[in-house]
Amino acid sequence: MSKTGALDLASGLGGKIKKQEVQSAVEQYEKYHVYHGGDEESRKTNYSDMVNKYYDLATSFYEFGWGESFHFAHRWQGESLRESIKRHEHFLALQLGLKAGMKVLDVGCGIGGPLREIARFSSTSITGLNNNEYQISRGEELNRIAGLSQTCNFVKADFMKMPFSDGTFDAIYAIEATCHAPDAVGCYKEIYRVLKPGQCFAAYEWCMTKHYDPKNQEHQKLKAEIELGNGLPDVRSTDQCLEALKLAGFEVVMEKDLSLDSPVPWYLPLDTSVFSITSFRLTSFGRLVTKTMVKTLEFVGLAPAGSDRVSAFLEKAAEGLVNGGKKEIFTPMYFFLVRKPL
Ligand SMILES: C[S@@+](CC[C@H](N)C(=O)[O-])C[C@H]1O[C@@H](n2cnc3c(N)ncnc32)[C@H](O)[C@@H]1O
């Protein structure tokens, strides 16, 4: 079952990290970031350790506040957050032209929310690739409950070096995941390698937009908050992503920042000035309730020491994302559809 209760949040906090080591893992994680004196070079060199620590620490918060799919969505007026998340996933499946019988790869699959939705929507077999053991254990349980264990599976590996032969997949997608790559060209080249010739790769990338000014201190601060709160070595620009795709060998079929024509801003669920009953846990009051609850659970020993600090850096992330979104310097939905030539 989906872990959405307060005690689930407390017991899952830290993922595969031993409970007594959560506090030091939080400290080590924070030290990677500019906010705590870290630099981009060390985040890139140690990306595997940094990203894994981040998801061990943050996954139960994500599941508690966001559900099974850990991504933002383009959203129409009148659409609930949950509906928009599913439609965002269906859009990807449609652009890729997924059909029954296709063998698909989900790169950086989280606990498999999008994988289950897209597999049911398109009748495809999907392999979820993820480097985080705790998320895979959650994904396997949720796949079993959904009755998808026969057609979909998970592989624990790094997307910079995947354990698949050349030309294995009919289609590949990545949702808000390849932003964790220390090197975009290297990551896209690996995706290119395991894709069959003539077939497509589609993704939603986290990017700084053309409005981002690297010399502007406020912009730099927001970028650093986004990196700290989301386990990122660096946030690339849309142009850098596009260039990296071409360098990897792909032909670009379509590319667009979907946030530009989203009638409801993607950051609305995290905006503290907005109240929503359906996304209550993400609202200002809901987050305060969660923070107080986590503090209390930590105090009485039901959540590991360090839990409160995790909720603090996630709060920083939310602020950075909302402000980056409002200033239009950041997007979590730079969409592209690219093809591996025949
Ligand atoms: C924001 S989550 C998105 C998860 C999923 N796509 C979704 O939308 O629910 C990013 C995911 O990328 C995975 N990831 C990050 N770096 C990775 C790497 N080097 N190799 C494989 N997976 C990675 C993380 O473990 C996490 O599952």
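Histidine 88 sits in helix 5, which spans residues 81–96. The model is a predicted one. Histidine 88 counts as buried because its relative accessibility is 1%, and the cut-off for buried is under 20%. Beyond its neighbours within four places in sequence, histidine 88 is in contact with His71, Phe72, Ala73, His74, Tyr204, Leu258 and Met333.

Proline 332 lies in strand 7. Its relative accessible area is 0%, so proline 332 is buried. Setting aside neighbours within four places in sequence, proline 332 is in contact with Phe72, Glu176, Tyr204, Glu205, Trp206 and Trp266. Proline 332 and leucine 258 are 74 residues apart in sequence, yet 8.8 Å apart in space, C-alpha to C-alpha.

### Helix 8

Helix 8 covers residues 184–194. Its buried residues are Ala184, Cys187, Tyr188, Glu190, Ile191 and Val194. Why do they lie on the same side of helix 8? They cover an arc of only 155° around the axis, and this puts them on one side. The general rule is that an α-helix has 3.6 residues a turn, so residues three or four places apart point the same way.

What do the buried residues of helix 8 pack against? Their partners include three strands from well-separated parts of the chain: strand 1 (103–107), strand 4 (169–175) and strand 7 (330–339). Strand 5 (195–208) and helix 10 (238–248) are also among the partners.

How many cavities of 30 Å³ or more does a search of the whole structure find? The search finds two. The second largest cavity has a volume of about 30 Å³. Its lining consists of Trp66, Phe72, Ala73, Arg75, Leu81, Pro265, Trp266 and Pro269. By class, that lining divides into seven nonpolar residues, no polar residue and one charged residue.

Glutamate 328 is found in the loop between helix 12 (307–326) and strand 7. Its relative accessible area is 44%, so glutamate 328 is partly exposed.

Serine 123 is also not a glycine, and its phi is positive at about 55°. Serine 123 belongs to the loop between helix 6 (113–122) and strand 2 (125–130). Serine 123 counts as partly exposed because its relative accessible area is 48%.

### Other sites

Serine 11 lies in helix 1, residues 6–12. At 43% relative accessibility, serine 11 is partly exposed. Glutamate 41 is in helix 3, residues 40–45. Glutamate 41 counts as exposed, with 55% relative accessibility.

Asparagine 131 occupies the loop between strand 2 and helix 7 (133–146). Not counting residues up to four places away in sequence, asparagine 131 touches Ser48, Asn52, Lys156, Ala157 and Asp158.

The table gives C-alpha separations for these sites.

| Residue pair | Separation along the chain | C-alpha distance |
|---|---|---|
| Serine 11 and isoleucine 136 | 125 residues | 17 Å |
| Glutamate 41 and phenylalanine 335 | 294 residues | 27 Å |
| Asparagine 131 and glutamine 220 | 89 residues | 29 Å |

Terms used
Residues numbered from 1 in each chain as written. Predicted model: local features only at pLDDT ≥ 70, side-chain atom pairs only at ≥ 80, totals over all residues. Heavy atoms only, no water. Buried < 20%, exposed > 50% of the residue type's maximum accessible area, 1.4 Å probe, protein only. Helix = DSSP H or I, 4+ residues; strand = E, 2+ residues; numbered from the N terminus. Arc of directions from axis to C-beta. Contact = heavy atoms within 4.5 Å. 1 Å grid on protein atoms, 1.4 Å probe; cavity = no way out; pocket = protein on both sides within 12 Å on 5 of 7 lines; lining within 4 Å. Points joined across faces, edges and corners; volume = space filled by probe spheres on them. Nonpolar A, V, L, I, M, F, W, Y, C, P; charged D, E, K, R; others polar.
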